Amino acid sequence: MKKTRKKEELLSPEESEQHEKELQADHLTDTLSDTQRQLESLIGNLPGMVYRCRPDRHWTMEYLNEKCRELTGYAPEDIIHNRKISYNDIIVSSDREYVRSEIAKATEKNSRFELKYRIKTKRGEIKWVLENGTGVRNKKGEIIQVEGFIQDITDLVNAENELVRAHNRLNVTLKSIGDAVITTDTKAKITFMNAVAEKLTGHNSSTSAGKHISYVLKLINMKTGKRVENPVERVLTSGKPVNMSEHTALMAQNGKEYIISDSATPITGSNGNIIGAVLVFRDDTEKYRTARKIESFSRIFEDSLNEIFILDASTRKFLYANKGAVSNLGYSLDELTGMTPTDIAFPLTDEALNELIRPLEEGTVAKNAFELNHRRRNGTHYPVEVHLQKTIFDNRDAYVAIILDKSEHKETLMSLEREQKRLEYVLEGTNSGIWEWEIESGQLTINDRWAEMLGYTMDELQPVTYDTWLKLTHPEDLQIASDLLEKHFRKEIDYYECDTRMKHKNGKWIWVLDRGMVAERGPDGKPLLMAGTHQDITDRKLAEEALKRALEKSKEADRLKSTFLATMSHELRTPLNAIIGFADLIEHDTPAAEAESFARVISSSGKHLLRLVQEIFDITIMEAGELKLFESGFSLNEFMNELFRVMLQEKSSMGRDRTNFRLVLPEESESFSLHTDKNRLRQILINLVKNAFKFTDPGTVELGYSVDRSADLIEFFVRDTGIGIPDEKKEIIFDAFRQADESLSRSHGGVGLGLAIAKNLTTLLGGSIHVASEKGEGSTFSFRLPAAAIGMESDSAENKQHAPAVTYKGNTILIAEDAESSYRLLNVILSKAGANTLWAKNGREAVDICLSDKKIDLVLMDINMPEMNGLEAAALIKAEKPELPIIAQTAYASYNDRERSQQSGCDDYIEKPIRRPLLFSKLNKFLQ
């Protein structure tokens, strides 16, 4: 406060001097206060945040103006002295080190700094900021503060990035696109041709430069044979994009015709004036690529920021609207479908709409463009530019309308779209990854699709360099790719093109078609810039590999089929020759003794055929997964002794008199029992022993088992001292229809199913089969099964073949059988046993006979018969006479037949060919 004195008061000289100093101090204080208010007002009106902070790791703020709220979303007092959050935490984590490093460099040089980085606002938004500042030093020269100005430049950065991407797309597409590209000046004289255009036209770009485009582009209508107007001339005349009419063919210099589709677009300068035209066309000789165009347009339409509609040509109603239309107008897709242009546009009436469409209907123009205003659902309006074109949609005439938003907030986007207009159709339908390589620095610029092919986002791959490509490319492909790159650098090849494998984020390898070319060279010819594309060709490569494998598999299958057919012919014809030959001899008054001998040969040959058929049947149902197991408990030694006696007879029948056969049982094994499918275990061992007999003459074959008590396992084995198996054949002997010796001159019989069946059955029983063999030293086949020393369990009655009954005298048995030979066989067997028989030739007759008054004691019911099958007949009989025994019989021997027969009411089941002991055993259960 200013000090005052009364006028009349006299002051000493010292007091006067002091009083004057006080007045000056008061005046200086007022002046500083005014200055501070002016500075604060000026700082408050700046378009950014003014700060002063300490140079610590938190950038601890000592001063922030109110613009802090607008920029960061935080109040200044939240950040000052790190009360709630530090400014360092607001900086995006990946940019913090960059900010610290750049400020350190500038302050160390005592210079101002300017840097761009990202911050994360209180609402979670990411903003780009531009910071200008400088360091403040004390008298010792130490940095004690940093102060400056931070401005939001997010919109500017986004616009710059979009322009850079647009520039990259333009360069890359022109240099590496697979379509032909020709550019001209305003007089339609050629200024550029890419290699694809050279190939299709047959003209060289260097010799064609400066010549009129009609010199290289000779177009005719395929239907009429007449010349087609050059699209470039139409573009330069009208100033609008032009699409080529259908059925257009290009006449190359060598006389070859290419069916092409193309588009021509004006090239405009920065002032909007046309400075030339670009023509893009492709070879559609194979087909018109209609499906691909529809797919491409569908993708472009759906994802476009512009509004895109398709309206019915007759009703004028919208058939389709893309996401841009839904977003801009505020209507749902369902609401827009069925509306008409007059519902969303003004000034537009039905009459005015018809006038706009009429030139398209009459064919006087290919496209029609005009301006309107669109009305959003909330009632607000915005100006639009409409591009209307005729098309076919869902097999009906329609119009596609592409709507460009001309409102102020989309002006930047429209500018970019105009810049890229000349490549609108070049980019159509491409789904390629794009790359640009600065060769000297190693900097690699890629698009989102490049990263997406490998399962990454752009951020995950940053920073992207040439080393990124090296790291992701398969080492075996790098040398090939490098050699091709060097050839292209030396101009030995026009393009770099290579199929390479690249590692996907999930760890798998994908195939990529990598194509590109040098876009810029130095004065010495050294390549500086290269651009190109990536295309995912994994599906194509997999298809090629699958086709190759299929061809190899087909060749192998043909070879195996020929071998199998030759083997089957031999195996079938040999017993059939004996059966037919000896049966023929019996018919010609053969003496009884000799006929009996012939009958034994016929029986033996028939059994051989039966085994062959059974093997083929077994392997078929096993491969189909239909085989079922029937487990029971049985004495293991009793089982092995019985099998040994059977195989002794088999050895004799195979003529292996010089082969010794031994049974090897472990000591103290009398109490061992096993719970498994006894018949299937027997089948495995029979196949292994027969296989050993086949290849051991002379020599020794041993059948046996051992017990591993520690693991509670039983190991069965068949050892022989035969010819052995070569190492290279051990992997195939368990394959169906495969043998170690598949030559036509092999001396051993069989069709190669025995070991395959043994392997499959072993797996079903819970074990696995192994072979140890050396050529000329013999073989040992072994397999292990779970063991259980659980005491003796008797076999079920149906597995034991009882001695036949002495007589069935007084019993009447109905034989339901459509095959006369089968009936006659059963009739002879049963008649000799004293039974009376009746014959039903189909299921219907069997039902009628059983439901009549005739006394029938048992029915032998064939499953497969005409008119009515045996299962249906059995169900009807059981419904009326549940006490009447029915035994199902079948020649199919499917493992489902047992269950099916039980479900239909049959009391038992027997397979063909029927053996007398088993038949009598079945009959005894019901007749005695």
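A: What follows describes helix H5 and then turns to other places in the chain.

The model is a predicted one. The protein has 928 residues, and 42% of them are buried. Its secondary structure consists of 29 helices and 35 strands. Among contacts with a separation of 6 or more, 56% are between residues 24 or more positions apart.

Helix H5 covers residues 93–108, which is 16 residues. At 1.5 Å a residue the helix should span 22 Å, and the distance between its end C-alpha atoms is 24 Å, so the two values agree. The buried residues in H5 are Asp95, Val99, Ile103, Ala106 and Thr107. Around the helix axis they cover an arc of only 95 degrees, so they sit on the same side of H5. On the face of H5 turned away from the buried side are the exposed residues Ser94, Glu97 and Glu108. The buried residues, in turn, pack against three strands: S3 (113–120), S4 (126–137) and S5 (143–152). After H5 comes Asn110, which has a positive phi, near 60 degrees.

Pro231, Val232 and Val235 are buried in H9. Seen down the axis, the buried residues fall within an arc of 100 degrees, so they line one face of the helix. The elements covering them include strands S6 (180–184), S8 (219–221), S9 (242–243), S11 (257–268) and S12 (274–283). The N-terminal end of H9 is capped by Asn230, which has a side-chain oxygen 3.0 Å from the backbone nitrogen of Val232. Gly239 follows H9, and its phi is positive, near 75 degrees.

Ser901 has a relative accessible area of 1%, so it is buried. Apart from neighbours within four places in sequence, Ser901 is in contact with Leu871, Ala888, Cys906 and Tyr909.

Next come some backbone details. Asp394 is not a glycine, yet its phi is positive, about 55 degrees. Asp394 lies in the loop between strand S17 (381–393) and strand S18 (396–405), and it is exposed, with a relative accessible area of 56%. Lys491, also a residue other than glycine, has a positive phi near 65 degrees. Lys491 is in the loop between helix H19 (475–489) and strand S21 (496–503). With a relative accessible area of 57%, Lys491 is exposed.

Cis peptide bonds are found as well. One joins Gln462 and Pro463, with omega about -10 degrees; Pro463 is placed in the loop between helix H17 (458–461) and helix H18 (466–472). Another runs from Asp697 to Pro698, with omega near -5 degrees. Pro698 belongs to the loop between helix H23 (678–694) and strand S27 (699–708).

The last topic is the aromatic rings. There are 11 aromatic pairs, counting rings whose centres lie within 6.5 Å. One of them is the stacked pair of Phe716 and Phe783, with 5.3 Å centre to centre and 20 degrees between the planes. This pair links distant parts of the chain, since Phe716 is in strand S28 (residues 713–720) and Phe783 is in strand S30 (residues 778–786), 67 residues apart. Phe716 and Phe783 are both buried. Elsewhere, Trp437, Tyr466, Trp469 and Phe489 are linked into a cluster by ring pairs. Charged ends also sit over rings: that of Lys218 is over the ring of Tyr215, 5.8 Å from its centre, and that of Lys841 is over the ring of Trp839, 4.8 Å from its centre.

Technical notes
Residues numbered from 1 in each chain as written. Predicted model: local features only at pLDDT ≥ 70, side-chain atom pairs only at ≥ 80, totals over all residues. Heavy atoms only, no water. Helix = DSSP H or I, 4+ residues; strand = E, 2+ residues; numbered from the N terminus. Expected span 1.5 Å × (residues − 1). Buried < 20%, exposed > 50% of the residue type's maximum accessible area, 1.4 Å probe, protein only. Arc of directions from axis to C-beta. Contact = heavy atoms within 4.5 Å. Phe/Tyr/Trp six-rings, centres within 6.5 Å; stacked < 30°, edge-to-face > 60°. Lys NZ or Arg CZ within 6 Å of the ring centre and 35° of its normal. Polar contact = N/O pair within 3.5 Å; in protein donor to acceptor, adjacent residues only side chain to side chain.
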